[in-house]
Amino acid sequence: MADRAAMNPLDAPTRVGEPSPEPAPIATVAVLAPLEKPLSYAIPPLLREQIQPGVRVVVPLGRRRALGVVLEVACGKDDGLRLLDEVLDAQPLLPPDLLNFLRRAAAYYHHPLGEVLRTALPAGLSSITTRVAILTERLYRPTPSSVVPPGTRQREVLAWLRERGEASLAEIAAQFPAPHAVLKRLVELEMLSVREAERRRDPFFAAPPPADARPTPSADQQRALELVLESLAARRFAPMLLHGVTGSGKTEVYLQAISATLGQGRQALVLVPEIALTPQLVARFRARFRDADQRVAVLHSGLSDGERYDAWRAIARGEISIVIGARSAIFAPLPDLGIIVVDEEHEAGYKQGEGWRYHARDLALLRAQRCAAVVILGSATPAMTSFHRARTGATAYLSLSERILGRPLPEVSLVDLSGRRLSGALAPELVEALAENLARREQSLLLLNRRGFAPFLLCRECGATFRCPNCEITLTYYQSHRHLRCHYCDYVQRPPQQCPDCGGTSLDPEGAGTERLEEELAAAFPGARIARMDRDTTRRKGAHQGLIEGMELGAIDILIGTQMVAKGHDFPGVTLVGVVGADASLNFPDFRSAERTFALLTQVAGRAGRGERPGRVLIQTYAPAHHALTCAARHDYLAFYEQEIAFRRDLGYPPFGHLINLVLSGNQPAQVESRAAELAAELDQVSAGVEVLGPAPCALARLRGRTRFQILLKAAARPPLHRLLAAVDAWRRKLPRTLNLAIDVDPLDML
DNA sequence: AGCACGCCGACT
DNA sequence: GTCGGCGTGCTC
C-alpha cells in the first residue's frame, strides 16, 4: 500500500529527510493557533536571508498551512523538522520590543502566544485566508524634461503636475475631467512616469475642529506636568497615577504631556475605556494637534478590516503621532512610544472578558516598562490596586484636588429608603427636586443601573418568576417590545397570559428599569422633554451621539440612563443628578462591589455642576450607612480607600493578594461538577503557598446553556500561583473537549 | 483552531 | 450495507 503522506504534495517534499551533517538554521515560530508551545521549522536555503525575528511566515501544520511569527533563529539539528513555506514580510512586522512585550504578556496571562499574536494583529495580517483588499492607485510624476507637449490639455495637466509634484489619478481627475487619454499620451511621450502604490484609506479625513487655545496650567497641573517632563527627559519607565477630582482638568495634563512627548520625536498612546463614549475627547485632541506631523489616529471597533489594516500600517511606519483607542489599542505598533495615557483607569471596560482575558491598563504598565515610557493612569476614583501602588511609592502620585475655575463639587445628599414604601421608583424628595429644576429650566440626569421595564415578571398567586432556559437568571420584562429577554444570551419570549406553574392570571412586572422610569417621569412631568440612554436606545449608530448633542443643545430636560450616563461626559447644563438604585451594585456577590459602587456614584455625581451653576446630587438608598455611600456623598476618596483597604487586608484580597480564577464549563452539569472537584483536589496536593478555594458554582451558575464551576486561587505572591498553573496545564491536557477551562488572571469580577 | 480518524445510529 | 454525528488526538 502506498504511503499516503508521500502522496500529499504538502508533506513529503517539505520534510527534511536525512539529518544534515552540518548544524542548520532553525526557526522557532509562534503559530497563530492555540498551541501550548512554539514549533521549530527548518529554513529552506533560499529563505535564509529573509528570516529574522518578527517576520510572519507560512508554515505547514498537520495537513494545512498556517500563519506564524518567527521568534528566534538559531542553529541546530534540523532532522525531522518540516520546512517553512514562505516568508511574508521583508521587514519584521513586529519590532523587537513589541514582540517581547507580547511574549511577556502571554506568559503573564498564561495564554498561548499564538492566540496573543492573533489578538494583537489586525485581521488582515493575522490570517492566510482572509486577506484584506490592498487597494492600489496610480501615481503620476513629471519626468525631468523641458519638452513642451503638443496639445493644450496636455500642457495644462503637465504644468499642474510640475507645480505639484506627484499626484494620484483620483486627484488629477478632480482637477481635469476625463484625463485618461491625456495622461496616457504624456506617459508615451515619457514626460510622466507612473507607479502603482498601496492606497491608504484615511478614515481621519474629517475636517479638523477649530484650533483650541492652550490654557495656562493651574498650580496642580503644573506640578503634575513637571514630573512628567522630567521622566520624559530621562527616557525612563515612569508610571504615575493622576488622581483628579471630576472636572479638575486631567485632559489638559494629558494634552500637554503628549505635546512634550511629540517634541521629543516619540509617539503617544491614549487608552479610553470605550471609544464610543469619547468623541469629545477625540475632538479635543484633534483641535490641539493640528500640524501635519501630528496625525491623530483613532482605533475602534467600528473600523472595517481594511481601515484597521491601513491604520496599523500607518502607525507602524511612524506616520501617526497619537493613537487614541479602546483596550486593544494597547497593541498599536508605535515605533517609539514615549507615553501611554490610560484615561479612567479604574473602568472595567479595560478588561477583556472572553478568550484572552487581559487588562489593558496592566498591559500598558508592562509595555511601558519594555520601552521606557511614561504611563499616566488618570482617574477621579482610582482602582484600589492603583492607589495602593501610589501609596507604596511604586508609582508616582499626582493630584488635582480642585475643579477648574474654582467650581465647587456638588452637594450630595442621601435619601434613606429603608422602611419606606414608595409608590413608584422615585422618592418624593427626588420628584420635588426634579420639579424645581424643571421650573428653573435646568437639566437633570437620573441614574438607574438597570435596563428594560422591570427586572422580572412575578406571579402574584404563587410567586413564580420567569427564568432564562439557558442562563441562571430571571428574564427582564420589556414593555416596549412586549417580551421577556435574557441580558446574557438574548433569549426572547412572549410574556404568557397565565402562570405556567399555577395558572394564575395576575403576572406583574416587579421592580423598575430605565424604561419604566421613563414612563413614570413622563406621567409626573407631562411637559418635560425626557430621553433615555442605555444599551437598548443606543444600539443604532449615532444614537448615542445624538443624545449627547441633545444634552449639549439643551433639547433634553431629563436624561435617564444606566451607568453609561456617568461616564466622562461634560454636560455644563446639568445641575441635578439623581441616583435611583444605588444599592443594586452593592449586592453583587463580589469583593469589588463596594469599590465599583463608590466609583459609579462619584462619577455620576461629578456630572452635576460642571457649568456656571452649582450642582446637587440626590442618592436613594437602603444602605445609607455603607461607606461606599457615605464617602461618595462627602467626595472623600481617601476615607473610602482607608476603610476598604482594611477589609482587603483582612481577607488577603488585592492589592494584598493575587487571584487567579479557574472557570470550568460544559453542557453536562454532573460532569462539570465532578471534574471541578477533581481539579481542586489535585491542586490541593501541590498548592504550597496558594489557597485553593472551591470548587463552587459560579454566581452565574449557568450561562448560554453551559454549567459553570469556579476554583479561586489566592496567594500573597505571584510565583507560587504561576507554579500552580503548571499543574493546571497538565490536568487540562487530559480534559475532554466537551469541557472548557478558562484561566482568568487578576479577575475583575467572579460571576 | 483545523483536520483526520474512528466508532455508533438511521437511512436508501 | 453506507452517510454522517461528534468525541479524540495531533500538529515542529
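Colleague: How many helices and strands does chain A have?

Modeller: Happy to start there, with the reminder that this is a predicted model. Counting along chain A gives 20 helices and 30 strands.

Colleague: What is the radius of gyration of chain A, and what does the globule rule give for 751 residues?

Modeller: The globule rule gives 27 Å for 751 residues, and the value for chain A is close to that, so chain A is as compact as a globular protein of that length. Along the principal axes, its C-alpha atoms fill a box of roughly 90 × 75 × 60 Å. The radius of gyration itself is 30 Å, against 27 Å from the rule.

Colleague: How far apart are the centres of the positive and negative side chains in chain A?

Modeller: Chain A carries 90 positive and 83 negative side chains.

Colleague: Which residues does the UniProt annotation "binding site" cover, and where do they lie relative to one another?

Modeller: The annotation comes from an unreviewed UniProt entry and covers C468, C471, C486 and C489. These residues span 22 residues in sequence, yet no two of their C-alpha atoms are more than 8.7 Å apart, so they gather at one spot.

Colleague: Is C486 buried or exposed?

Modeller: C486 sits in the loop between β20 (483-485) and β21 (492-493). Beyond its neighbours within four places in sequence, C486 is in contact with C468, C471, I473, L475 and Y491. Its relative accessibility is 0%, and the cut-off for burial is under 20%, so C486 counts as buried.

Colleague: And what about C489: buried or partly exposed?

Modeller: C489 lies in the loop between β20 and β21 too. Leaving out neighbours within four places in sequence, its contacts are C468, N470, C471 and R704. With a relative accessibility of 21%, C489 counts as partly exposed.

Colleague: Which residues does E595 touch, not counting residues up to four places away in sequence?

Modeller: E595 is part of helix α16, which runs over residues 593-605. At 11% relative accessibility, E595 counts as buried. The residues that E595 touches are A383, M384, F640 and R648.

How values were computed
Residues are numbered from 1 along each chain as its sequence is written. Chains are lettered from A and ligands numbered from 1 in the order in which they are written. This is a predicted model: local features need pLDDT of at least 70, side-chain atom pairs count only at pLDDT 80 or more; totals for chains, interfaces and linings use all residues. Side-chain values use heavy atoms; hydrogens and water are left out. Helices (H or I, at least four residues) and strands (E, at least two) are DSSP runs, numbered from the N terminus. The radius of gyration is taken over C-alpha atoms; the globule rule is 2.2 Å times the number of residues to the power 0.38. Lys and Arg count as positive and Asp and Glu as negative; His and the chain ends are not counted. The place of a charge is taken as NZ of Lys, CZ of Arg, CG of Asp or CD of Glu. UniProt positions are given in the numbering used here, feature names are shortened, and annotations may be inferred rather than shown by experiment. Buried means under 20% relative accessible area, exposed over 50%, partly exposed in between (1.4 Å probe, protein chains only). Contact means heavy atoms within 4.5 Å.
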